[in-house]
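Hi,

Please find the structure handed over below.

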Amino acid sequence: MTDIYDSIIIGAGPAGLAAALYNARDRFKTLVLEKFFPGGQIINTDRIENYPGYENISGPDLIEKIKKQAEGFGTEIKTEEVKKITKLPDGNIEVACDKDSFIGRSAIIACGSDYRKLGVPGEAEFRNAGAGVSYCGTCDAPFFKGKDVVAIGGGNTALEEALHVAKFAAKLTLVHRRQEFRATKVLVEELMAKVNSPDGNIKLKLDSVITAIEGAGKVEKVKIKNVKTNAEEEIPCSGVFIFVGMIPNTAFLKDSVDLTQAGFVKCDVGFLRTKIPGIFVAGDCRIGAAMQLATAVGDGVNAAMMTKQYLREADWWNQPISDALMPGEW
Ligand SMILES: Cc1cc2nc3c(=O)[nH]c(=O)nc-3n(C[C@H](O)[C@H](O)[C@H](O)COP(=O)(O)OP(=O)(O)OC[C@H]3O[C@@H](n4cnc5c(N)ncnc54)[C@H](O)[C@@H]3O)c2cc1C
């Protein structure tokens, strides 16, 4: 007979492992399915300074601790890429992988997102804040205190992050491929006030794209090209912040839960419920995610707490947030 898990978690990043820790500690039969190896995006960094409780810890070290903790309470982790999830007529959820299928009474989608890449020479080589290429200003800006940096992008996140990084950098050059920014007016005004201020440290390179990131061992300069004149230029810098969007790993979900146009899983952000009863979502793949380690972990915990309520009383699913019992009231 097929084992029925109480909770099946898709993805062993910070959100998935935190959910597993809580589910398994609540004595639920818990399975995590991970297509590569446990850790998610955070294993790509050796310096985390904004995770509460640790002044500085590497991604692999932190993940190893969370994984060990989750497994210690009985979590099973299998290397499987999930291809489809389906709600069965009996109310259970089938999670189908390449060869095997698994049945759960509930599921948590925690499949994360990937930073959109520029695809230019040098980007992959220096992809690590220590070497100079970063995709997260909130995470890495302090590492570039007093240094010259280049940022790329023109949307809301790009401008918010560039303004944040500029508080640390000696000089920030923002490269954008168009003349106008897509970001909201208020952010553009804030940016332009800094650009036009005599003591501001932000410079613009509009109608321009990065063509290469270069250096010996770490970033020393970027090459840019003006898309209108084809003029080329080099900008010396120690860091490159790439803010050109996120791609959620959700293509496999398109026939099940609702996705936004950009591919993020839609949910009620308070309870993390998708449109399918028993299927929750957590972390960077959901609508409105803050794209941070601590918030992904918090989401995983929240989704696990909600799973507990759903498994106890399936009717809870249909209650609006305003009426449903909150965890503290159970
Ligand atoms: C280089 C780098 C440095 C960072 N530094 C910081 C920092 O200092 N501070 C900070 O707060 N944040 C930082 N972040 C962001 C942080 O890593 C993410 O916000 C966090 O990892 C999101 O966790 P998650 O579990 O939601 O998703 P992810 O970490 O993306 O994990 C998702 C997991 O799901 C798996 N998966 C995807 N699809 C499937 C599928 N179909 N089947 C099975 N498994 C699947 C993936 O392989 C992955 O392991 C950094 C990110 C990067 C890339």
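What follows runs from the whole chain down to single residues.

**Overall picture**

Keep in mind that this is a predicted model. The protein chain has six helices and 19 strands. Its radius of gyration is 22 Å, close to the 20 Å that the globule rule gives for 330 residues, so the chain is as compact as a globular protein of that length. Along the principal axes, the C-alpha atoms fill a box of roughly 65 × 40 × 35 Å.

Of the 330 residues, 41% are buried. Contacts were also sorted by sequence separation. Among those with a separation of 6 or more, 60% join residues 24 or more positions apart.

**Domains**

The domain assignment gives two entries. Domain 1 takes in 4-114 + 246-329, and domain 2 covers 133-242. The C-alpha centres of domain 1 and domain 2 are 34 Å apart.

**Helix 1 against helix 6**

Helix 1 spans residues 14-25 and helix 6 spans residues 293-312. They pack at an angle of about 35°, and their axes are 7 Å apart. The crossing is right-handed. On the helix 1 side, the residues in contact include Pro-14, Leu-17, Ala-18 and Tyr-22. On the helix 6 side, they include Leu-293, Val-297, Val-301 and Met-305. By class, this contact has 13 nonpolar, four polar and one charged residues.

**Helix 4 and its surroundings**

Helix 4 covers residues 156-166. Its buried residues are Ala-158, Leu-159, Glu-161, Ala-162, Val-165 and Ala-166. What do the buried residues of helix 4 pack against? The partners are helix 3 (137-140), strand 11 (148-152), strand 12 (171-175), helix 5 (185-196), strand 13 (202-205) and strand 17 (239-242).

The axes of helix 4 and helix 5 come within 10 Å and cross at roughly 35°. This crossing is left-handed. From helix 4, Asn-156, Leu-159, Glu-160, Leu-163 and Ala-166 take part. They meet Leu-187, Val-188, Glu-190, Leu-191 and Lys-194 in helix 5. The residues of this contact divide into six nonpolar, one polar and three charged.

**Leu-163**

Is Leu-163 buried, exposed or partly exposed? Leu-163 has 18 C-beta neighbours inside 10 Å, so it counts as partly exposed; a buried residue would need 20 or more. Leaving aside residues up to four places away in sequence, Leu-163 touches Glu-190 and Leu-191. Leu-163 and Ile-202 are 39 residues apart in sequence, with 8.4 Å from C-alpha to C-alpha.

**Positive phi values**

- Arg-27 has phi near 70°, a positive value in a residue other than glycine. Arg-27 sits in the loop between helix 1 and strand 3 (30-34). Arg-27 is exposed because 10 other C-beta atoms lie within 10 Å, and the limit for exposed is 12 or fewer.
- Met-291 has phi near 60°, again a positive value in a residue other than glycine. Met-291 is in the loop between strand 19 (279-281) and helix 6. Met-291 counts as partly exposed because it has 18 C-beta neighbours inside 10 Å.

Best wishes

Methods:
Residues numbered from 1 in each chain as written. Predicted model: local features only at pLDDT ≥ 70, side-chain atom pairs only at ≥ 80, totals over all residues. Helix = DSSP H or I, 4+ residues; strand = E, 2+ residues; numbered from the N terminus. Rg over C-alpha atoms; globule rule 2.2 N^0.38 Å. Contact = placed C-beta atoms within 7 Å. Domains from an automatic or database assignment. Axes fitted to C-alpha atoms, helices over the stretch in contact; angles between N-to-C directions. Left-handed = near helix turned anticlockwise from the far one by under 90°. Nonpolar A, V, L, I, M, F, W, Y, C, P; charged D, E, K, R; others polar.
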